[in-house]
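Please read it alongside the sequence and the model.

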Amino acid sequence: MRRPSNAVARLNRSGIREFFDLANRIPDAIHLEMGEPDFATPEHIRDAAARAANDGYTRYTPNAGIPQLREAIARKLEARNGIDASPDQVVVTPGAIAALYGTVMALCDPGDEILISDPAWPNYAMLAGLQGVGVVRYPMLPEHRMQPKAEQIEPLITDRTKILLINSPCNPTGTVIDQRHLEDLLDLADTHNLWVLSDEVYDEIVFDSDTVKSPAAQDKAGRVVSVFSFSKTYAMTGWRVGYAVAPPELAPYLVKIQEPVTACVNAPAQMAAVAALEGPQDCVTEMRDAYEKRRDGVVEILGQAGVPFIRPAGAFYLWINIAGSDMGSNDFARVLLEGHHVAVTPGRAFGPAGEDFVRVSLASKTEELNEGTTRLVHLLHARSG
């Protein structure tokens with residue numbers, strides 16, 4: 001039997017999914033490893049999909065998405081993200097990951113390089129590797145409040161660098177890139193003629209300010225591609241609806257990629273997404289407020305125990321320092337799971353800089369989150385003497 005491609009053979013599995021599978025073998029495990037809202041998709045969104053299916057809206061749709069959804073997204077981008085984009089610049093994809101994958105495919109050839117942060121969501125490196133694109137990691141350090149610094153990124157740029165990927169609010173750290181650092185990154189991209197791929201799937205989950213500045217809202221050179229999702233904002237992870245907004249000259253290429261890779265997003269899910277954007281938004285506020293309240297509760301537990309962590313300003317994760325355990329993050333997470341029945345994600349899954357950290361998801365019920373964090377603290381204290 002012939003072997004699979006080298007790209008697939010070399011592909012490392014996501015550490016998030018690895019620990020999710022391990023935790024599913026333990027019936028009473030507390031799940032703090034997955035970034036999935038514990039809320040149900042709001043009823044008006046579910047109803048819209050059901051109506052669409054019952055009305056026979058079940059056929060192929062345009063590659064770029066149905067017009068009414070692209071129009072609704074364009075209105076949302078202007079109102080909430082400060083991005084002035086026409087519906088023709090919007091490409092609806094099966095989840096944000098398809099938008100990210102398609103953008104890298106459209107902008108890079110094998111042998112090109114993409115800059116991603118360390119730590120970063122592991123799927124960035126996975127999708128680049130599948131396309132033969134080299135990954136170069138730039139640091140995000142606790143002493144710099146996990147802010148990406150242009151002066152540390154610039155020496156990493158070569159003639160093969162095509163994309164600077166940024167993620168704000170950030171998975172796994174919850175960092176929101178502040179205005180000064182964002183301006184520096186855009187200037188850096190202008191200087192070196194780089195595309196900026198901006199992952200903004202947590203754009204509506206921000207705790208310490210009302211809005212997050214979108215790079216595309218400040219893009220004067222037409223070099224920013226922004227990626228968003230319905231998954232986190234509306235608790236629609238299983239619906240698989242995301243979208244990219246791209247400069248006018250690039251958007252047709254992203255549309256072209258849809259046909260051979262995914263064709264289109266399923267029709268009822270697109271109608272659900274229209275309802276999500278055009279319906280009541282109190283559900284978004286309620287979920288965000290719940291995540292913020294959970295954050296504050298876990299922060300109090302960790303603070304009282306003297307455990308260091310990165311305080312998240314957005315998304316729904318806590319980046320907890322477990323260096324005092326004298327264990328690597330994989331070993332710590334495995335002991336915590338097998339001995340204490342709490343599943344977290346080892347920081348090493350997000351890059352080398354995560355070795356002294358674990359990620360805890362706030363998208364879990366408050367009682368389980370607090371109990372799981374308490375057990376984590378007990379293990380950390382036991383290991384640190």
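Aspartate 38 counts as partly exposed at 25% relative accessibility, where buried means under 20% relative accessible area, exposed over 50% and partly exposed in between, with a 1.4 Å probe and protein chains only. The structure is a predicted model, in which local features need pLDDT of at least 70 and side-chain atom pairs count only at pLDDT 80 or more, while totals for chains, interfaces and linings use all residues. Residues are numbered from 1 along each chain as its sequence is written, and side-chain values use heavy atoms, with hydrogens and water left out.

**Salt bridges**

- The side chain of aspartate 38 forms a salt bridge with that of lysine 365 (3.8 Å, N to O), the term standing for a side-chain nitrogen of Lys or Arg within 4 Å of a carboxyl oxygen of Asp or Glu.
- This pair links distant parts of the chain, 327 residues apart, with aspartate 38 in the loop between strand E1 (30–31) and helix H3 (43–54) and lysine 365 in the loop between strand E13 (357–361) and helix H13 (366–384); helices (H or I, at least four residues) and strands (E, at least two) are DSSP runs numbered from the N terminus.
- Lysine 365 is likewise partly exposed, at 44% relative accessibility.
- A salt bridge also joins lysine 76 and aspartate 203, whose closest N and O atoms are 2.9 Å apart.
- Lysine 76 lies in helix H4 (residues 67–81) and aspartate 203 in the loop between E6 and E7, so that distant parts of the chain, 127 residues apart, are linked; lysine 76 is buried at 6% relative accessible area, and aspartate 203 is buried at 10%.
- Aspartate 296 and arginine 311 meet through their side chains in a salt bridge (3.8 Å, N to O).
- Because aspartate 296 lies in helix H11 (residues 282–305) and arginine 311 in the loop between strand E9 (309–310) and strand E10 (317–321), the pair ties together parts that are 15 residues apart in sequence.
- Salt bridges that share partners join Asp208, Glu292, Arg295, Asp296 and Arg311 into one network.
- The count of salt bridges by this rule comes to 19.

**Two buried residues**

- Glutamate 204 is found in the loop between strand E6 (195–199) and strand E7 (224–229), and is buried with a relative accessible area of 16%.
- Its side chain makes a polar contact with the side chain of arginine 80 (2.8 Å), a polar contact being a pair of N or O atoms within 3.5 Å in which, within protein, one must be able to donate a hydrogen and the other to accept it, and residues adjacent in sequence count only if both atoms are side-chain atoms.
- Threonine 93 lies in strand E2 (residues 90–93) and counts as buried at 3% relative accessibility.

**Largest pocket**

- The largest pocket holds about 740 Å³ of space; a pocket is an open set of points on a 1 Å grid over the protein atoms alone where a 1.4 Å probe fits, with protein on both sides within 12 Å along at least five of seven lines, and lining residues have an atom within 4 Å of a point.
- Its volume is the space filled by probe spheres set on the points, which are joined across faces, edges and corners.
- Of its 31 lining residues, Arg17, Trp121, Asn123, Lys232 and Arg240 are the closest to its centre.
- Helix H6 (122–130) is among the elements that give two or more residues to this lining, and H6 gives the most, with five residues.
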